[in-house]
Amino acid sequence: MTSVTTEIEIPSSFPADKVFKVFSDFDIIAPKVNPEVFKSIETTKGNGGVGTIKVFTFGDAVPFTSGKYKVDAVDPSNFSYTYSFFEGDNLMGILDSITNQIKIVPSADGGSIFKQTIVYNSKGNEKPTEDILKVEKEIYEKTFKAIEAYGIAHPENY
């Protein structure tokens with residue numbers, strides 16, 4: 001089994017606790033700010049904690065229709081969240097899973113750094129193409145910026 005890892009780091013002027021709080025509303029915000037990528041996100045089991053199952057229905061900007069993931073870990077005190085896609089055409093027929101580890105790190109200037117590690121776990125030796133990895137990284141970065149902007153525009157909620 002082969003795996004490929006992609007790292008994303010995005011600085012934010014928003015404090016870590018606020019970024020984490022905004023991202024806690026990802027299911028609600030992402031389809032509003034990036035509907036071409038996220039048509040809908042539905043919780044099918046659980047309350048958002050470990051073991052919760054969610055289904056993404058993707059929009060027209062991505063070459064996939066859906067993905068199902070499970071929440072693996074949530075640690076609000078350390079601003080971290082881990083989830084793994086385990087079903088859906090976003091696994092491209094070649095992956096067992098895609099694990100996303102998110103950590104918001106406070107920075108010295110009062111802002112934070114959004115860090116995301118994405119591990120693509122292949123069924124065999126075939127792995128996602130560089131083009132797919134690049135597009136997915138760009139989508140994650142664009143989505144972060146859109147959600148951050150939403151949080152800034154709605155400070156009463158965060």
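Biologist: Is T6 buried or exposed?
Modeller: In this predicted model, T6 has a relative accessible area of 10%. The cut-off for buried is under 20%, so T6 counts as buried.

Biologist: Which element holds T6?
Modeller: T6 sits in strand β1.

Biologist: And which residues is T6 in contact with, leaving aside neighbours within four places in sequence?
Modeller: Those contacts are Q116, T117, I118, Y120, L133 and K137. Q116, T117, I118 and Y120 fall within the span of β7, residues 112–122, while L133 and K137 fall within helix α3, residues 130–153.

Biologist: How many bridges join β1 to β7?
Modeller: Ten bridges join them, and the two strands run antiparallel. One of the residues involved is E9, whose bridge partner in β7 is K115.

Biologist: What is the strand order in the sheet?
Modeller: The order is β1-β7-β6-β5-β4-β3-β2, an open sheet of seven strands with antiparallel pairing. Its edge strands are β1, covering 3–12, and β2, covering 38–45, each of which pairs on one side only. On average, neighbouring strands are turned by 20° against each other, direction ignored.

Biologist: Which strands does α3 lie across?
Modeller: Helix α3 lies across β1, β2, β5, β6 and β7, and runs at about 30° to β1.

Biologist: What about α1?
Modeller: Helix α1, residues 16–24, lies across β1, β4, β5, β6 and β7. Its direction is at about 145° to β6.

Biologist: Changing topic: what volume does the largest pocket have?
Modeller: The volume is about 610 Å³. The pocket is lined by 33 residues, and those closest to its centre are F26, F56, Y69, Y83 and I102.

Biologist: Which elements give two or more residues to that lining?
Modeller: They are α1, α2 (26–33), β3 (53–58), β4, β5, β6, β7 and α3. The largest share, seven residues, comes from α3, the helix that also lies across β1.

Biologist: Finally, what feature does UniProt place at residues 1–154?
Modeller: The unreviewed UniProt entry gives "domain: Bet v I/Major latex protein" for that range. Over residues 1–154 the chain is 27% helix and 43% strand, and the end C-alpha atoms are 44 Å apart.

How values were computed. Residues are numbered from 1 along each chain as its sequence is written. This is a predicted model: local features need pLDDT of at least 70, side-chain atom pairs count only at pLDDT 80 or more; totals for chains, interfaces and linings use all residues. Side-chain values use heavy atoms; hydrogens and water are left out. Two strands pair if DSSP finds at least two bridges between them. Helices (H or I, at least four residues) and strands (E, at least two) are DSSP runs, numbered from the N terminus. Axes are lines fitted to C-alpha atoms, for helices over the stretch in contact, and angles run from 0 to 180 degrees between N-to-C directions. Contact means heavy atoms within 4.5 Å. UniProt positions are given in the numbering used here, feature names are shortened, and annotations may be inferred rather than shown by experiment. Buried means under 20% relative accessible area, exposed over 50%, partly exposed in between (1.4 Å probe, protein chains only). On a 1 Å grid over the protein atoms alone, a cavity is a set of points where a 1.4 Å probe fits but cannot get out, and a pocket is an open set with protein on both sides within 12 Å along at least five of seven lines; lining residues have an atom within 4 Å of a point. Grid points are joined across faces, edges and corners, and a volume is the space filled by probe spheres set on the points.
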